[in-house]
Amino acid sequence: NAEYGEFQTFQHYFKQINLSMSTMDEKPWDSQYQYQCKKRMFEKHREELGDERATALANVWANYHFLGCEYPHEALEAIKSWGPPPRNKMYEDKMREIKQRDAVNSEQRSMTKRPTQKRQRWG
């Protein structure tokens, strides 16, 4: 059956993706500070949650705090007690970088907006 073969291939592919996503390796988008914080959270909750769930939630935690990603309520509830990233020099540098990036993005958006034309009043 061709459909069954395609399904098995998809399952194998999905399993490979899950295996590669569940490792606690540093990702290209992680700063050194982000990775250290994420790794610390993983290690702190690994025994309680198991490798796979701790990895997933450590990624949710890091992406929520550092990248501003949004997640379903259940995921955020699971990490609510983990608190924010620790404040140290790396944290301050990262927050400065984020603020600068946001300022540049905001400036670029304001430059690309077309000026609104005032509507004439009828009547």
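How many helices and strands does the protein have? It has 5 helices and 0 strands. The model is predicted.

Figure 1. Read along the sequence, the pattern is α-α-α-α-α. Of the 123 residues, 24% count as buried. The protein exposes about 10300 Å². Carbon and sulfur atoms supply 51% of that area. Among contacts with a separation of 6 or more, 46% join residues 24 or more positions apart.

**Figure 2. The largest nonpolar core.** This core holds 18 residues. Ala58, Trp61, Phe66, Ile79 and Trp82 touch the most other members. H3 gives the most, with 7 residues. In soluble globular proteins, nonpolar side chains tend to be buried together.

**Figure 3. Surroundings of Ile79.** Ile79 is one of the core residues that touch the most other members. Leaving aside residues up to four places away in sequence, Ile79 touches Leu57, Val60, Trp61 and Tyr64. Trp61 is also among the core residues with the most such partners.

**Figure 4. Helix H2 and its kink.** H2 has 18 residues, and at 1.5 Å a residue it should span 26 Å. Its end C-alpha atoms lie 24 Å apart, which agrees. A kink of about 30° is centred on Glu43. The buried residues of H2 are Tyr33, Gln34, Tyr35, Cys37, Lys38, Met41, Phe42 and His45. Gly50 follows the helix, and its phi is positive, near 90°.

Figure 5. A search of the whole structure finds 2 aromatic pairs. Tyr33 and Phe66 form an edge-to-face pair, 5.5 Å centre to centre, with 85° between the planes. This pair links distant parts of the chain. Tyr33 lies in helix H2 and Phe66 in helix H3, 33 residues apart. Trp61 and Phe66 also pair edge-to-face, at 6.1 Å centre to centre and 85° between the planes.

Figure 6. Are Tyr33 and Phe66 buried or exposed? Both Tyr33 and Phe66 are buried. Phe66 counts as buried because its relative accessibility is 2%, and the cut-off is under 20%. Trp61 has 0% relative accessibility, so it too counts as buried.

How values were computed:
Residues are numbered from 1 along each chain as its sequence is written. This is a predicted model: local features need pLDDT of at least 70, side-chain atom pairs count only at pLDDT 80 or more; totals for chains, interfaces and linings use all residues. Side-chain values use heavy atoms; hydrogens and water are left out. A nonpolar core is a set of buried Ala, Val, Leu, Ile, Met, Phe, Trp, Tyr and Cys residues joined through side-chain atoms within 4.5 Å. Buried means under 20% relative accessible area, exposed over 50%, partly exposed in between (1.4 Å probe, protein chains only). Helices (H or I, at least four residues) and strands (E, at least two) are DSSP runs, numbered from the N terminus. Contact means heavy atoms within 4.5 Å. Accessible areas come from the Shrake-Rupley method with a 1.4 Å probe; for residues, only the protein chains shown count as cover. The expected span of a helix is 1.5 Å times one less than its number of residues. The bend at a residue is the angle between axes fitted to the seven residues ending there and the seven starting there. Rings of Phe, Tyr and Trp (its six-membered ring) pair if their centres lie within 6.5 Å; planes under 30 degrees apart count as stacked, over 60 as edge-to-face and the rest as tilted.
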